[in-house]
Amino acid sequence: MGTTKVLAVAQAANSVGDGAFYVCSALYFTRIVGLSAAQVGVALTVAWAVGAVVGVGFGHLADRVGPRRVAVGLAVVTAGALASFLVVRLFWAFVVAACVYTCGQCGLAAARQALLAGLVGPERRTRVRAVLQSVVNGGLAVGAGLGGVALHVDAAAAYLAVFAVDAVGFVVAAVVLRGVPEVVAVARTGRLGVLRDRPYALVALLNSVLLLYLPMLSLVVPLWVVERTSAPKWVVGLLFVLNTAAVVVGQVRLARGVTDLRTAARSVRQGGVLLLASCVVFALSAEVPDRVAVAVLVGAAGLQVVGEMLHGAGSWEIGFGLAPADKQGQYQGFYGTGTAVARTVGPLLLTTLVLGGGVVGWLVLGALFLSAALAMTPAVTWSERSRRKMIGVAA
């Protein structure tokens with residue numbers, strides 16, 4: 001089995017469980033365990049913040065001892081954290097378990113990216129990453145269906161079965177990842193150079209802003225549909241299916257046009273334009289008849305998912321291309337904090353902005369997407385120029 005297939009199988013093994021976990025975990029901890037929604041929110045905010053910081057350290061560890069070894073270990077750690085959710089009943093225990101879970105997830109993501117960078121040539125990395133993203137979305141869709149069954153049953157045993165499936169998925173991923181060769185060329189320095197790389201930090205910050213479409217799609221759009229439009233509630237599920245299916249079918253195709261940093265920056269710009277357009281169309285879904293609202297929401301979701309895929313393809317190329325070859329782990333760990341930041345800051349920011357500001361809030365959010373996308377080009381140029389200077393000094 002080729003490297004790409006092994007990585008895809010490992011990704012699929014845990015993405016199915018993750019899809020089910022994401023759908024029903026919050027309801028389990030509030031309805032079954034008895035934690036308040038505020039407690040769950042605080043715990044997850046703290047956990048993802050801790051995970052974002054620790055993930056960089058695990059990425060650095062992957063550079064020093066090998067990304068496959070670290071990825072296998074962290075997959076097992078994540079499985080253990082999920083297993084602990086089967087018995088967690090107290091708030092403080094939930095915080096600890098959630099922190100272990102997010103640290104495992106963030107570190108595993110960094111190690112996986114470093115493993116991909118070490119096993120796949122630069123000219124194929126974005127294409128392979130697009131394949132893996134398609135696999136992830138397919139797995140999440142299947143998992144969401146399983147989670148939906150658990151929600152329908154609405155019993156402790158059903159929720160616990162979901163956690164068990166997710167834990168087993170990570171164990172399977174660990175076993176599968178053992179089948180790829182270790183990356184030999186690893187860093188021996190004890191320094192976290194990424195923390196002093198200001199141009200790369202700016203690129204990562206802009207990427208974090210663009211990743212606000214994650215909480216926008218998972219939280220703000222469902223609330224907007226229910227509270228501000230006349231569309232039926234089932235449209236929320238339709239939009240999720242549309243997004244997932246589009247990524248599975250279209251991500252690899254859109255990634256073909258990204259071959260270097262120049263085309264990557266262009267792809268991000270195009271993605272920003274479409275994300276702005278989607279925000280405008282989402283805003284138009286208010287105060288229109290129900291059938292019109294459904295059509296407008298589907299159109300907005302279509303613009304959003306194409307913008308998401310264009311951003312993803314460009315972002316992966318940028319994240320890999322600007323990182324030193326011997327420090328991919330720590331750089332991917334740092335770059336990957338964008339997802340944690342978006343999921344930590346995004347819910348409060350976007351609900352306040354969009355649900356509080358209405359149409360104006362949507363327009364501000366769209367302008368934010370566009371501004372970050374346009375700023376990415378000069379930021380990439382600065383980072384690329386800085387990297388060349390560093391290489392020249394080292395030579």
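This is a predicted model: local features need pLDDT of at least 70, side-chain atom pairs count only at pLDDT 80 or more; totals for chains, interfaces and linings use all residues.
Good morning. I begin with proline 222, which is buried, with a relative accessible area of 19%. The cut-off matters here, because buried means under 20% relative accessible area. This proline lies in helix α8, which covers residues 213-228.

Let me turn to a pair of helices. Helix α9, residues 235-255, and helix α11, residues 290-321, have axes that come within 9 Å and cross at roughly 35°. The crossing of α9 and α11 is right-handed. What kinds of residues make up the contact of α9 with α11? They divide into 18 nonpolar, five polar and one charged.

The next topic is charge pairing. In general terms, side chains of opposite charge can pair when their charged atoms come close. How many salt bridges does the count give? The count comes to three salt bridges, and I shall take each in turn.

In one of them, the side chains of arginine 31 and aspartate 154 meet, with 2.5 Å from N to O. This pair links distant parts of the chain, as its two residues are 123 apart. Arginine 31 belongs to helix α1, residues 3-32, whereas aspartate 154 sits in the loop between α5, residues 125-153, and α6, residues 156-177. Aspartate 154 counts as partly exposed, because its relative accessibility is 29%. Its backbone also deserves a remark: aspartate 154 has a positive phi of about 55° although it is not a glycine.

Another salt bridge joins arginine 388 and glutamate 384, whose closest N and O atoms are 3.1 Å apart. Both residues are in helix α14, residues 359-394, and because they are four residues apart there, about one helical turn separates them. Are these two partners exposed or partly exposed? Arginine 388 is exposed, with a relative accessible area of 57%, while glutamate 384 is partly exposed, at 25%.

There is also the salt bridge of aspartate 326 with lysine 327, in which the closest N and O atoms are 3.6 Å apart. Aspartate 326 is partly exposed, with a relative accessible area of 34%. Lysine 327, by contrast, is buried, with a relative accessible area of 18%.

I return briefly to backbone angles. Glutamate 287 has a positive phi of about 60° although it is not a glycine. Where is glutamate 287 found? This residue is in the loop between α10, residues 261-284, and α11. Glutamate 287 is exposed, with a relative accessible area of 77%.

Finally, I come to the surface. Which residues form a nonpolar patch there? They are Val42, Val46, Val50, Val53 and Val54, and together they have about 360 Å² of accessible area. Of these, valine 42 has its place in helix α2, residues 37-65.

To close, I would recall two points for anyone opening the model. The arginine 31 and aspartate 154 pair links distant parts of the chain, and the residues in the contact of α9 with α11 include 18 that are nonpolar. Thank you for your attention.

Terms used:
Residues are numbered from 1 along each chain as its sequence is written. Side-chain values use heavy atoms; hydrogens and water are left out. Patches are made of residues with over 30% relative accessible area and no salt bridge: like charges are joined within 9 Å, nonpolar side chains (Val, Leu, Ile, Met, Phe, Trp, Tyr) within 5 Å. Accessible areas come from the Shrake-Rupley method with a 1.4 Å probe; for residues, only the protein chains shown count as cover. A salt bridge is a side-chain nitrogen of Lys or Arg within 4 Å of a carboxyl oxygen of Asp or Glu. Axes are lines fitted to C-alpha atoms, for helices over the stretch in contact, and angles run from 0 to 180 degrees between N-to-C directions. A crossing is left-handed if the near helix is turned anticlockwise from the far one by less than a right angle, and right-handed if clockwise. Ala, Val, Leu, Ile, Met, Phe, Trp, Tyr, Cys and Pro count as nonpolar, Asp, Glu, Lys and Arg as charged, and the others, Gly among them, as polar. Buried means under 20% relative accessible area, exposed over 50%, partly exposed in between (1.4 Å probe, protein chains only).
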